[in-house]
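Take a look at the model below. We will walk through it one part at a time.

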There are 2 protein chains.
Amino acid sequence: MSLAETINRPTLHQELVDRIRNLVIEDKLKPGEKVPEKDLCEAFGVSRTPLREALKVLASEGFVILQANRGARVTHVTRQELADTFPVIARLEQLAGELACVQLSDVDIAQIEDRHRAMLAAYSANDRPAYFQANQNIHQALIQGAQNKILEDHHKLLAARIQRARFMVNLSNDRWAAAISEHETMMTHLRARDAAQLGLTMKAHIENKFAAFMQGIDAQSDG
Amino acid sequence: MSLAETINRPTLHQELVDRIRNLVIEDKLKPGEKVPEKDLCEAFGVSRTPLREALKVLASEGFVILQANRGARVTHVTRQELADTFPVIARLEQLAGELACVQLSDVDIAQIEDRHRAMLAAYSANDRPAYFQANQNIHQALIQGAQNKILEDHHKLLAARIQRARFMVNLSNDRWAAAISEHETMMTHLRARDAAQLGLTMKAHIENKFAAFMQGIDAQSDG
DNA sequence: AAATGTAATTATGAATTCATAATTAAGTCA
DNA sequence: TGACTTAATTATGAATTCATAATTACATTT
């Protein structure tokens, strides 16, 4: 352990990137919506310079789209984008699972067991918010457990983009039960440190989530 | 064919992002080097505003690192970053191979055959620049053939970062021969439209490239 | 001469200003 | 009334300006 953490006082634009990205993820800024610089400047109490810097970064991350002389718009989460994103996330999680099996300490795995139990408790209590949180904790722990910064960064970005669609569909009871079952299998492989199997299970888990997701969207547009 | 290309007058910052990124990839801007805004402004004949916007984007892409009040430095391509990046690229190419097998038309495949033959010719002629170009063309065609924008974007970014290390090592004759052989296998699977096998071969191809790469680095630091 | 403290210089973060492209509003004519 | 012009307004891209942090140059002390 080093003597001190490096001092990290974020600049305005860094802060703005995070804050505006959160507004998009939390659906406070709606897809397709124009994002007038003036309004955001007033909302955040900053000038246009750092705000525009932030918008450039958010555009490169895919949360807004910039049109020359016509400002920024929040991007839509299209069906196609979801269809493209899920397979990529699935492969990233597969890799993460394989690496985590090798990299995680027994203590780390025990902590994930705790989170897994918390997730089961949320399921039993039919507490969806708690379930989503616990579920996210577990996936995040496995991703971080892979100890691969590139993998983590790219996964984080894609996960944030997917997360924007969470308002579109709600988890069916069947899919919820299946997800719980898949997580049980994941834990079994993690305990056994079976890298290949954990990877395959995580990949399938995301692919199944995707299938349910698309069904949900279809059902929504039908109804 | 449409009557005209859409007018694409990129904003200064977009142009700058591409230009400066290329400077970094082409090693014109060296790792660790400070990038004084003033110098770049003069070099490109623009003011600091669009230049700084570009630096923010390049920082989010990992080509420079920004320290508050201390400007931008070109990032180093560390051993660890390479070790993290290759496995991710390998999985992305695996996915691309699987998708391309399904998505590509017979005509597309015939074009890739052409590029493959060009690559073989370059190998026979011992023409390394031509080989690298042909090789890159093939991989790019397969990635684009997957018709997955997310996959393509993320692959492009990672490939650019890897490319920065190409100056560090040179291809051994053994590895070159092996790479040619792996490409032959890839073409066999592509012709047969065997998605799973093409994916696995492409994944292994990148992993082997990585292993040779690391050996090359080791040899370099030994010598 | 080396180390420390201080002033001058430079570079950066952010606000402001300016020029121009888009958009909106108003006006004109059929 | 409704389509088409044209003027006014607004928003954006980029340059400039300003305040301050960081660096450098210099002086002082031992």
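## Rings, helices, strands and DNA

Over all chains, the structure holds 10 aromatic pairs. One of them joins B:F86 and B:F213: the ring centres are 5.5 Å apart and the planes stand at 50°, so the pair is tilted. This pair links distant parts of the chain. B:F86 sits in helix α4 (residues 79-103) of chain B, while B:F213 sits in helix α9 (residues 195-222) of chain B. The two are 127 residues apart. Keep in mind that this model is predicted.

The cut-off for buried is under 20%.

Chain A has an aromatic cluster to look at. A:Y123, A:Y131, A:F132 and A:W176 form one cluster. The residue A:W176 leads us to a helix, for A:W176 is among the buried residues of α8(A).

Helix α8 of chain A covers residues 173-191, which makes 19 residues. From its first C-alpha to its last, the helix reaches 27 Å. That is close to the 27 Å expected at 1.5 Å a residue. Which residues of α8(A) are buried? They are A:R175, A:W176, A:A179, A:I180, A:E182, A:H183, A:M186, A:M187, A:H189 and A:L190. An α-helix has 3.6 residues a turn, so residues three or four places apart point the same way. After α8(A) comes A:R193, and its phi is positive, near 50°.

Now turn to the strands. Strands of a sheet pair through backbone hydrogen bonds, either parallel or antiparallel. In chain A, 3 strands make an open sheet in the order β1-β3-β2, with antiparallel pairing. Which strands are at the edges? They are β1 (34-35) and β2 (64-67) of chain A, and each pairs on one side only. Between β1(A) and strand β3 (residues 71-74) of chain A there are 2 bridges, in the antiparallel sense. In β3(A), the residue opposite A:V35 is A:A72.

Chain B has strands to follow as well. Its strand β2 (residues 64-67) runs antiparallel to its strand β3 (residues 71-74), and 4 bridges join them. B:L66 has B:A72 in β3(B) as its bridge partner. What lies between the strands of this hairpin? There are 3 residues, and B:N69 takes a positive phi near 65°.

The last stop is DNA strand C. There are 16 residues around DNA strand C, and A:L12, A:S47, A:T49, B:R48 and B:R52 come nearest. Of the DNA atoms that come within 4 Å of the protein, 67% belong to sugar and phosphate.

A backbone N or O atom of A:L12 is 2.9 Å from a phosphate oxygen of DNA strand C. The side chain of A:N69 has an N or O atom 3.3 Å from a sugar or linking oxygen of DNA strand C.

Which helices supply at least two residues each of the surface near DNA strand C? They are α3 (48-61) of chain A, together with α2 (37-44) and α3 (48-61) of chain B. The most comes from α3(A), with 3 residues. By class, this surface has 6 charged, 6 polar and 4 nonpolar residues.

Methods. Residues are numbered from 1 along each chain as its sequence is written. Chains are lettered from A and ligands numbered from 1 in the order in which they are written. This is a predicted model: local features need pLDDT of at least 70, side-chain atom pairs count only at pLDDT 80 or more; totals for chains, interfaces and linings use all residues. Side-chain values use heavy atoms; hydrogens and water are left out. Two strands pair if DSSP finds at least two bridges between them. A residue is near a molecule or strand if one of its heavy atoms lies within 4 Å of it. A polar contact is a pair of N or O atoms within 3.5 Å; within protein, one must be able to donate a hydrogen and the other to accept it, and residues adjacent in sequence count only if both atoms are side-chain atoms. Ala, Val, Leu, Ile, Met, Phe, Trp, Tyr, Cys and Pro count as nonpolar, Asp, Glu, Lys and Arg as charged, and the others, Gly among them, as polar. The expected span of a helix is 1.5 Å times one less than its number of residues. Buried means under 20% relative accessible area, exposed over 50%, partly exposed in between (1.4 Å probe, protein chains only). Rings of Phe, Tyr and Trp (its six-membered ring) pair if their centres lie within 6.5 Å; planes under 30 degrees apart count as stacked, over 60 as edge-to-face and the rest as tilted.
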